[in-house]
Amino acid sequence: MTRSADAHQPYIRRCFDLARRATGAVSPNPLVGAVLVHGDRIIGEGWHQRYGQAHAEINAVASVSAADRHLIPAARLYCNLEPCFHYGKTPPCVDLVLREGIRQVIISNTDPNPKVAGQSVQKMCAAGVEVVTGVLEAEGARLNRAFFTWISKKRPLVILKWAQSADGYVGRAGEQTPISSLNTQRLTHRWRAAADAILVGAHTARVDNPRLDNRLYPGAAPLRIALDRGGIIPAGHHLLDDSRPTWIAGPARPGRFAQTLFVDLPTENPLENLLERLAEANYAILYVEGGPATHQSFIDRGLFDELRIITNTELYLGDGLPAATLPARPPHRESSRIGADRIDIFYQEPNR
């Protein structure tokens with residue numbers, strides 16, 4: 001029975017909800033959920049849980065109870081992303097669909113990866129499977145904006161984040177200046193846990209001595225990066241403790257480092273070069289925490305996809321380091337609050 005796009009939407013939204021459970025665990029792979037529906041009853045569902053492990057479609061089929069296995073060929077398979085076509089760390093999911101005899105597949109987004117790029121849709125259609133694409137397509141693209149950026153632009157998704165006072169200052173020169181509340185800090189650590197790498201400039205690293213971890217939120221710690229071409233970060237600071245994978249864009253330091261890589265960036269287009277290296281190393285989400293000069297460099301070169309700005313609406317510094325200047329035409333904005341902190345998220349619409 002042919003169903004309207006509206007009838008498909010609740011199940012695609014369920015795919016989105018399942019996919020989000022793997023945030024921070026599958027990058028650079030996409031976030032994918034899958035749901036098997038017989039009539040109006042979900043008989044199986046799954047998601048891609050960890051990089052290198054089974055994909056969503058495999059987990060959805062495996063979750064079907066023995067009593068419902070015979071219903072799979074008559075069920076509809078919902079996926080927020082086109083099933084994979086190629087052999088990677090797992091076999092092609094399109095072959096699983098055909099092997100299970102599934103006759104209808106509903107998809108939010110086709111896969112922009114050249115190794116897929118609609119080939120799974122073509123293969124299923126050629127085998128007589130009814131395929132519906134484009135259900136909640138914009139929401140699906142938003143969910144997987146990091147993957148789409150990594151594939152299409154060959155660089156990570158770049159998120160710029162800073163906290164500022166009500167009068168637009170990020171702190172005072174040469175000193176640490178707490179701005180946001182503890183609850184907001186927990187949110188920012190959640191953002192960190194979802195990223196593959198976190199970057200700061202040398203002056204922020206020297207003054208704040210950040211750990212660049214996500215100790216206030218569970219999840220794997222991201223790669224630490226510092227732009228330090230002048231070699232000004234003190235030797236005793238956290239970013240040089242070799243406790244975690246770290247890139248220092250600057251001159252090598254004396255001593256033996258097992259997890260710290262000193263990266264020599266070219267004078268021309270250093271940020272572009274860094275983003276290219278990150279993409280080649282399978283880092284698909286870069287979270288840039290500061291300071292204002294570093295933020296401004298990314299903004300001026302158009303190398304950002306999101307701006308996340310936390311404003312303490314009750315704190316006035318009167319003087320200090322001004323926040324970076326927003327682009328003349330800032331992208332779309334969403335706003336929320338945590339106590340006195342207003343959180344504004346500006347983001348570019350995902351490009352396919």
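Predicted model: local features only at pLDDT ≥ 70, side-chain atom pairs only at ≥ 80, totals over all residues.
## Reading burial, salt bridges and strand pairing

Visitor: Which residue does Glu 45 form a salt bridge with?

Guide: For a salt bridge, look at the side-chain nitrogen and the carboxyl oxygen, which must lie within 4 Å. Glu 45 forms one with Arg 14, and their closest N and O atoms are 2.6 Å apart. Since Glu 45 belongs to strand β2 (residues 41-47) and Arg 14 to helix α1 (residues 5-20), the pair ties together parts that are 31 residues apart in sequence.

Visitor: How many salt bridges does the structure hold?

Guide: There are 18 salt bridges in the structure. Another of interest joins Arg 192 and Glu 289, with 2.8 Å between the closest N and O atoms. This pair links distant parts of the chain, with Arg 192 in helix α7 and Glu 289 in strand β12, 97 residues apart.

Visitor: Are Arg 192 and Glu 289 buried or exposed?

Guide: The cut-off for buried is under 20%. Arg 192 is buried at 9%, and Glu 289 counts as buried at 15%. Glu 306 and Arg 308 are buried too, and their side chains meet in a salt bridge with an N to O distance of 3.0 Å. Through salt bridges that share partners, Arg 142, Arg 145, Glu 306 and Arg 308 form one network.

Visitor: What covers the buried residues of α7?

Guide: Start with the list of buried residues, which includes Leu 187, His 189, Trp 191 and Arg 192. The elements covering them include β6, β8, β12, β13, β15 and β16.

Visitor: Which strands does β10 pair with?

Guide: Follow the bridges on either strand. β10 pairs with β9 (residues 223-227) in the parallel sense over 4 bridges, and 4 bridges also join β10 to β11 (residues 260-263), again running parallel. For landmarks, Ile 225 has Trp 247 as its bridge partner in β10, while Thr 246 stands opposite Thr 260 in β11.

Visitor: Are the faces of β10 covered or open?

Guide: Both are covered: Thr 246 and Ile 248 are buried on one side, and Trp 247 and Ala 249 are buried on the other.

Definitions and conventions:
Residues numbered from 1 in each chain as written. Heavy atoms only, no water. Buried < 20%, exposed > 50% of the residue type's maximum accessible area, 1.4 Å probe, protein only. Helix = DSSP H or I, 4+ residues; strand = E, 2+ residues; numbered from the N terminus. Pairing = 2+ DSSP bridges. Contact = heavy atoms within 4.5 Å.
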